[in-house]
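Subject: Structure handover

Hello,

Below is the structure you will be working with. Please open it first, then read the notes that follow.

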Amino acid sequence: MRFSAQVISAVLALSSFALASPLPSDSEAKDKRSFVERDGTNYTVFEHAATGAKLEFVTNSGICETTKGVNQYSGYLTVGTNMNMWFWFFEARNSPTTAPLATWFNGGPGCSSMIGLFQENGPCHFVNGASTPSLNPYSFNTYANMLYVDQPIGTGFSYGTDSVTSTVSAAPYVWALLQAFYAQFPQYESRDFGIFTESYGGHYGPEFASFFESQNAAIKAGSVKGDNIDLIALGINNGWYDAAIQEQAYVDFSYNNTYKPIITAAQHTQFTNTNAKSCAPLLAECTATTGSNSACENADNTCYNDIEGPLSSTSANGGVALYDFDVYDIREPSDDPYPPATYSSYLLQPSVTSAIGAKATYTECPNAPYNKFASTGDDARSFLPTLSTVVQSGIRVVMWAGDADWICNWFGGLSSANAVSYSGSSTFAAESLAPYTVNGTEGGTFKTVDNLSFLRVFGAGHEVPYYQPALALQVFEQTMKQQALAST
């Protein structure tokens with residue numbers, strides 16, 4: 001896979017914080033820390049000399065995480081002119097001084113990680129129609145220190161100039177945020193570190209992990225100044241890894257899923273042929289080393305128009321689906337009220353945004369960041385080679401998927417896992433799925449060979465932790481402990 005000259009140039013043109021910059025001399029600028037008050041809210045301002053980044057954040061806002069003694073920080077990383085990336089950090093509820101550090105990224109591209117925070121695995125959630133959040137006993141910060149990030153800029157609470165046009169060009173900004181975070185909070189520098197993500201995280205996760213590892217090597221070689229990120233785990237649920245695999249998975253899952261068929265047998269044959277004739281050849285051009293932005297964008301558009309669009313819509317909307325369904329949970333209609341969207345209204349309340357230090361109006365999945373990715377055909381590019389490199393490095397990787405999700409369904413997830421290239425590949429592909437239990441109750445089926453695992457989660461849509469919170473926490477904890485998935 002090779003990105004066009006334009007995309008590569010965009011990456012190389014990023015601020016010097018993101019790429020190989022020389023070590024500064026003792027005479028260069030030092031980190032600066034100050035405190036300011038605005039409209040009754042107190043902020044800590046930290047200027048990181050090595051990256052040129054500035055962190056401005058609120059301490060212990062009292063929003064979401066109300067467990068006594070658990071600290072939280074929310075605010076912005078500012079790099080360059082008018083570039084402000086939102087983060088929200090929660091200390092671990094148990095043993096925070098020794099607990100590992102993990103980041104969470106929602107997908108999109110261009111969707112806010114506040115989705116994961118409030119609907120999936122964060123310290124609080126909305127239940128039983130409540131208008132205010134309550135504590136989530138299955139929060140990932142039960143075990144680890146958690147950092148939620150809205151990226152690229154323009155997503156969620158992030159605001160300003162967005163220079164990101166691809167997964168590859170997104171990675172340096174996230175690395176910069178972590179470098180500034182470590183400088184402000186050096187107690188987390190030596191902790192085991194994990195990346196957890198979903199959906200478009202099938203692109204984000206492998207690329208971020210690969211970029212962090214390359215920066216670690218550059219730091220060790222002395223060509224980059226920064227803190228080593230001790231990456232030990234990568235978890236991706238319902239990931240979009242490889243369009244060629246996923247487009248055929250749309251066809252197969254629509255007919256053969258374990259809930260109810262969305263298309264007929266004749267339609268399955270029809271769309272299998274359509275994929276082979278119109279979609280797959282264009283994706284092959286995109287993933288070839290000569291694939292241009294225009295070729296990948298054309299492949300993405302053609303595959304949507306010929307496969308994804310028709311399969312996900314009923315005849316009333318120009319499609320072929322036998323019934324109306326939610327692409328994130330085929331058990332529900334397209335106006336599915338789950339997970340509840342209450343959190344979005346909550347994050348628009350002035351009292352809440354003031355308390356947490358947000359300076360932009362919250363938008364869950366704005367169009368602008370997505371459109372930039374679409375312009376380079378990023379969606380159509382395969383990140384399986386990058387994921388394979390991550391697995392080959394020895395990092396523990398878990399690929400898991402709710403089995404009621406259509407948009408990034410588990411058929412595609414399993415096929416992608418079976419296609420990962422590493423020393424255990426042939427054994428992994430031949431391995432059957434076995435029951436995965438949580439306190440004796442079967443919650444899915446899984447397989448593990450060496451440091452790679454795949455898990456199908458029963459009765460879960462796209463946002464797995466919302467549907468199966470106890471299982472999700474068990475998977476998270478086992479993975480962050482560098483353990484193979486195991487039933488309890």
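A disulfide is counted here when two cysteine sulfur atoms lie within 2.5 Å of each other. In general terms, it is a covalent bond between the sulfur atoms of two cysteines.

Two remarks on the source. The model is predicted, so local features need pLDDT of at least 70 and side-chain atom pairs count only at pLDDT 80 or more, while totals for chains, interfaces and linings use all residues. Residues are numbered from 1 along each chain as its sequence is written, and side-chain values use heavy atoms, with hydrogens and water left out.

Disulfides

The structure holds 4 disulfides. With bonded cysteines counted along the chain, their pattern is 1-3, 2-8, 4-7, 5-6.

One of them joins C286 to C296, with an S to S distance of 2.1 Å. The torsion about this S-S bond is about 100 degrees, so the disulfide of C286 and C296 is right-handed. C286 lies in helix α6 (residues 265-287) and C296 in helix α7 (residues 293-311), so the pair ties together parts that are 10 residues apart in sequence. Helices are DSSP runs of H or I with at least four residues, strands are runs of E with at least two, and both are numbered from the N terminus. C286 and C296 are buried, where buried means under 20% relative accessible area, exposed means over 50%, and partly exposed is in between (1.4 Å probe, protein chains only).

C279 and C303 form another disulfide, S to S 2.0 Å. Its torsion is about 100 degrees, so the disulfide of C279 and C303 is right-handed. C279 is in α6 and C303 in α7, so this pair ties together parts that are 24 residues apart in sequence. Both cysteines, C279 and C303, are buried.

The sulfur atoms of C64 and C124 are 2.1 Å apart and form a disulfide. Here the torsion about the S-S bond is about -110 degrees, so the disulfide of C64 and C124 is left-handed. The pair links distant parts of the chain, 60 residues apart: C64 is in the loop between β3 (53-59) and β4 (72-78), and C124 is in strand β7 (residues 124-125). C64 is buried, with a relative accessible area of 5%, and C124 is buried, with 1%.

C408 is buried, with a relative accessible area of 4%.

Helices α4 and α11

Helix α4 (residues 201-221) packs against helix α11 (residues 384-392) at an angle of about 50 degrees, and their axes are 8 Å apart. Axes are lines fitted to C-alpha atoms, for helices over the stretch in contact, and angles run from 0 to 180 degrees between N-to-C directions. That angle makes α4 oblique to α11; under 35 degrees counts as roughly parallel, over 145 as roughly antiparallel, 65 to 115 as roughly perpendicular, and the rest as oblique.

From α4, the contact is made by P206, E207, A209 and S210, and from α11 by T386, L387 and V390. Contact means heavy atoms within 4.5 Å.

The buried residues of α11 are L384, T386, L387, S388, V390 and V391. What covers them includes α4, β12 (231-239) and α5 (243-256). Just after α11, G394 takes a positive phi of about 100 degrees.

Regards
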